[in-house]
Amino acid sequence: MKKKFISVTLALALGLSLTACGNNGGGNAPADNKEETQKPAADDAGDDADAGEDAGSEDAAPSGDVANKDKPLVWFNRQPSNSSTGELDSAALNFNANTYYVGFDANQGAELQGTMVKEYIEAHIDEIDRNGDGTIGYVLAIGDIGHNDSIARTRGVRKALGTGVDKDGSINSDPVGTNTDGTATVVQDGEIEVGGKKYVVRELASQEMKNPQGATWDAATAGNAIGTWSSSFGDQIDVVVSNNDGMGMSMFNAWSNSNKVPTFGYDANSDAVAAIAEGYGGTISQHADVQAYLTLRVLRNALDGVDIDTGIGTADEAGNVLTDDVYVYREEERSYYALNVAVTADNYQDFTDSTKIYDPVSNQLDESSHAKKKVWLNIYNSGDNFLGSTYQPLLQNYDDILNLDVEYIAGDGQTESNITNRLAEPKNYDAFAINMVKTDNAASYTSLLSQ
Ligand code: BGC
């Protein structure tokens with residue numbers, strides 16, 4: 001009850017709409033006709049002239065009477081947006097009447113992460129300043145300077161620790177490079193006061209963890225960075241912070257575990273949660289169990305031609321329903337956002353399996369009223385720890401429950417064409433779930449669906 005109240009207050013404060021509004025666009029969901037799904041793909045009305053090999057399973061064939069441009073489409077994890085300004089790409093988010101985005105509330109999560117780090121420092125102030133110089137030094141691993149979730153997390157940490165500086169009305173999220181002497185202009189020295197004693201807080205270094213081939217959020221790059229940083233100013237590093245657990249665990253394993261330096265990440269991947277017992281400082285659950293459900297559920301609803309809120313804010317006939325303490329829907333952004341939860345030494349035991357589906361939405365749909373449908377879904381980078389070890393296993397658990405025959409495509413994290421090349425025959429699918437390499441590139445996909 002209390003938890004719910006807090007999230008309602010938060011959502012109201014953010015000016016969000018809490019109830020998922022029904023989609024009244026409708027009218028273009030493929031007929032959920034059981035016999036039809038057993039037939040081979042019929043000819044589409046003029047689109048995709050070339051017949052090709054169907055890479056998917058034989059279980060379900062798409063309804064042939066819906067143009068690709070009208071099929072349900074969900075963007076997930078990487079919100080169509082301008083990677084320089086963060087402005088949402090509303091053309092992509094409104095591609096057709098059954099287009100949505102599923103992610104999580106980046107600002108709420110970023111604030112939680114920053115607060116978690118600050119509270120940890122305050123609670124451990126007696127031992128945290130390893131070299132006793134009165135300065136709490138931290139290093140920060142940045143995932144992708146053009147990804148709005150990464151930007152929010154960098155800002156959240158700088159805001160909580162007082163190290164952020166203003167740039168055009170928001171906290172500057174640029175990497176600082178190295179700032180061991182505190183002279184950088186991208187960040188400033190912050191201050192924390194505990195028990196009447198003041199400490200300086202300094203961002204000693206931060207960089208985007210992008211590998212030479214161009215893959216972002218790169219764990220191996222973060223492992224190398226902590227090696228470089230620690231060998232030149234290791235005694236100044238009191239805290240390690242990362243935009244995600246993939247990079248955070250790489251730094252923890254490479255250096256901070258053996259040096260007893262608390263390390264904080266984001267995602268609540270199972271390995272990071274387990275590491276809390278060994279000194280990993282904490283992480284944030286972005287409720288991937290709710291996001292993975294929403295990703296497939298909006299497609300299911302659109303394919304069934306039912307109100308989009310079914311099994312989300314409104315219970316379906318199997319009893320699946322989400323409460324408003326775990327997600328919000330913003331109609332004007334066509335976006336569902338899961339809410340985040342901090343995972344620390346106090347509660348990590350509740351989060352040990354990140355691939356466990358969320359109980360309130362774990363009921364099997366009946367295939368006689370929810371016929372099997374084919375979905376094309378891609379993961380931008382097969383090497384992404386969060387998507388690979390948490391999100392995709394969850395999707396794979398939910399696809400059976402929702403009677404969706406999902407073809408999973410793994411990208412290389414570097415080029416969009418590596419993925420779009422495998423969307424050559426959209427007519428073979430009933431719906432699409434897309435995770436772009438770069439948030440600016442929605443048109444690379446919608447242009448294929450519009451042909
Ligand atoms: C996750 C990261 C992941 C990224 C991929 C973020 O939401 O926290 O771990 O690398 O999504 O887009």
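**Exercise 1. Determine the strand order of the open sheet and identify the strands at its edges.**

Solution. Step 1: the open sheet consists of seven strands, ordered S12-S13-S2-S1-S17-S15-S16, with mixed pairing. Strands are DSSP runs (E, at least two residues; helices are H or I, at least four), numbered from the N terminus, and two strands pair if DSSP finds at least two bridges between them. Step 3: on average, neighbouring strands are turned by 20° against each other, direction ignored.

The model is predicted: local features need pLDDT of at least 70 and side-chain atom pairs count only at pLDDT 80 or more, while totals for chains, interfaces and linings use all residues. Residues are numbered from 1 along each chain as its sequence is written.

**Exercise 2. Describe how S2 is joined to S13.**

Solution. Step 1: S2 (residues 99-104) and S13 (residues 335-338) run parallel and are joined by four bridges. Step 2: Ala 338 in S13 stands opposite Phe 104.

**Exercise 3. Characterise the backbone and exposure of Asp 168 and Lys 260.**

Solution. Step 1: Asp 168 lies in the loop between S4 (166-167) and S5 (170-171), and its phi is positive, near 50°. Step 2: Lys 260, in the loop between helix H8 (245-256) and S10 (263-264), has a positive phi of about 55°. Step 3: most residues other than glycine have a negative phi. Step 4: Asp 168 has 6 other C-beta atoms within 10 Å and is exposed; Lys 260, with 10, is also exposed (exposed: 12 or fewer; buried: 20 or more; partly exposed in between; C-beta atoms placed from the backbone).

Key: Axes fitted to C-alpha atoms, helices over the stretch in contact; angles between N-to-C directions.
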